[in-house]
Amino acid sequence: MDDADLLATARKALVGLALPDGTPLLEAGTVSGPVVSGGRISLAISITAEDAASYADIRSRAETALRMVPGGDGAIVVLTAEKQGAAAAPPDLGTGKAPVAKPPVLSGVRHVVAVASGKGGVGKSTTSVNLALGLRSLGLKVGILDADIHGPSLPTLLALHGRPRLGKDRRLRPMQAFGLQAMSMGLMVDQETAMVWRGPMVMSAITQMLSDVDWGNLDVLIIDMPPGTGDAQLAIAQGTDLAGAVIVSTPQDLALIDARRGIAMFRKVDVPILGVIENMAHFICPDCGGRHTLFGEGGAQAEARRLGAPYLGAVPLTMELRRASDSGQPIVALDPDGALGQLYSGMARTLWSTLEAAPHTDQKTLKGVNP
Ligand SMILES: Nc1ncnc2c1ncn2[C@@H]1O[C@H](COP(=O)(O)OP(=O)(O)OP(=O)(O)O)[C@@H](O)[C@H]1O
């Protein structure tokens, strides 16, 4: 069983478990995870120091449930007490520089775009990578930042190996993959360490990824956001001067409800929605070539229309795409002229037109900084 399947099974194993206040574990904003890495499942529950005793039971029940997930290679559930002031100290990513307290200025980046989903596992990272490559196929300079600290997928999707190089100026050089500048928290920080970071810590880490990395001149920087609409996502949406957000959803009702939450979150902090993409919209049978709409059709499009958000298109569920993604050969790079390659490039073209048409400054800055 691969990590994605394991994650789905792990989530199922947690259904029915609730925090002492009755909030279902999977819906609690204080819960990070579950996260699966190399078969190991981890989950963190953020509590105050006084709550430690009352949470001991749910911690142990969640851990037992996750340990019993077939195919898993061990599980850990930790209670993390948020210390006063801890959030102000961003993690040291190894550059030896003093931590950055405020969001940096990304003077060389024309547009910063968040790719987000209300729910995990809907194909947000696959979409981010292929959209980035679609933009690149238009001749643009494109970077991609994997901000999914708790479950970074960029190293897999772009077959990134090793660690980013540190320049003489003590700034990190992004890695190069398929003509993209790429950076992932997964390349920098041990996963078990990152597991226990809550929103402000995550924002601090992202801030460092933006400021300590020499992105150079980019037309677009795609931020592959962490899934969900919790405090980490809100912190990034608020702290980064985004040109806008692209929302990825599958057609299931539950995913659409979560996508709606995502749209509402961005709107709340005045980040425009640049587009909605329906992923795994229909299934193309590899044997008969038949087209099956497993979860109904047009849900995301209708939702986008209802919310007045641009609809960018529907990506089918195909073996070809899954294989390409999971083998580190994104479909747009592998087969740019194929149907999927053309689909992503078309969506990228629409996105770029929207970006360029928007009343947006040329010199991108990040909020909270005096340039
Ligand atoms: N349209 C598709 N057709 C087939 N497989 C897909 C498609 N989109 C994504 N996948 C597969 O689904 C799995 C999850 O995709 P991905 O990692 O992009 O999702 P995600 O939303 O970023 O997940 P997470 O919430 O864990 O970050 C991967 O194995 C990927 O290859």
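**Domains, cores and ligand shell**

The centres of domain 1 and domain 2, taken over C-alpha atoms, are separated by 26 Å. The model is predicted. In the domain assignment, domain 1 spans residues 3-81. Domain 2 covers residues 109-357.

The packing of nonpolar residues was examined next. In soluble globular proteins, nonpolar side chains tend to be buried together. Here, the largest nonpolar core contains 83 residues. Within this core, Val113, Val115, Ile222 and Ile223 have the most contacts. Helix α12, residues 339-357, contributes the largest share of the core, with seven residues. A second core is separate and holds 20 residues. Among them are Leu6, Val31, Val35 and Val36.

Around the ligand lie 22 residues. Of these, Gly120, Gly123, Ser125, Thr126 and Arg322 come nearest. Several elements supply at least two shell residues each: helix α3 (124-137), strand β10 (273-284), strand β12 (311-317) and helix α10 (319-326). The largest share comes from α10, which provides four residues. By class, eleven residues of the shell are polar, seven are nonpolar and four are charged.

Terms used:
Residues numbered from 1 in each chain as written. Predicted model: local features only at pLDDT ≥ 70, side-chain atom pairs only at ≥ 80, totals over all residues. Core = buried A, V, L, I, M, F, W, Y, C linked by C-beta atoms within 7 Å. Buried ≥ 20, exposed ≤ 12 C-beta atoms within 10 Å, placed from the backbone. Near = placed C-beta within 6 Å. Nonpolar A, V, L, I, M, F, W, Y, C, P; charged D, E, K, R; others polar. Domains from an automatic or database assignment.
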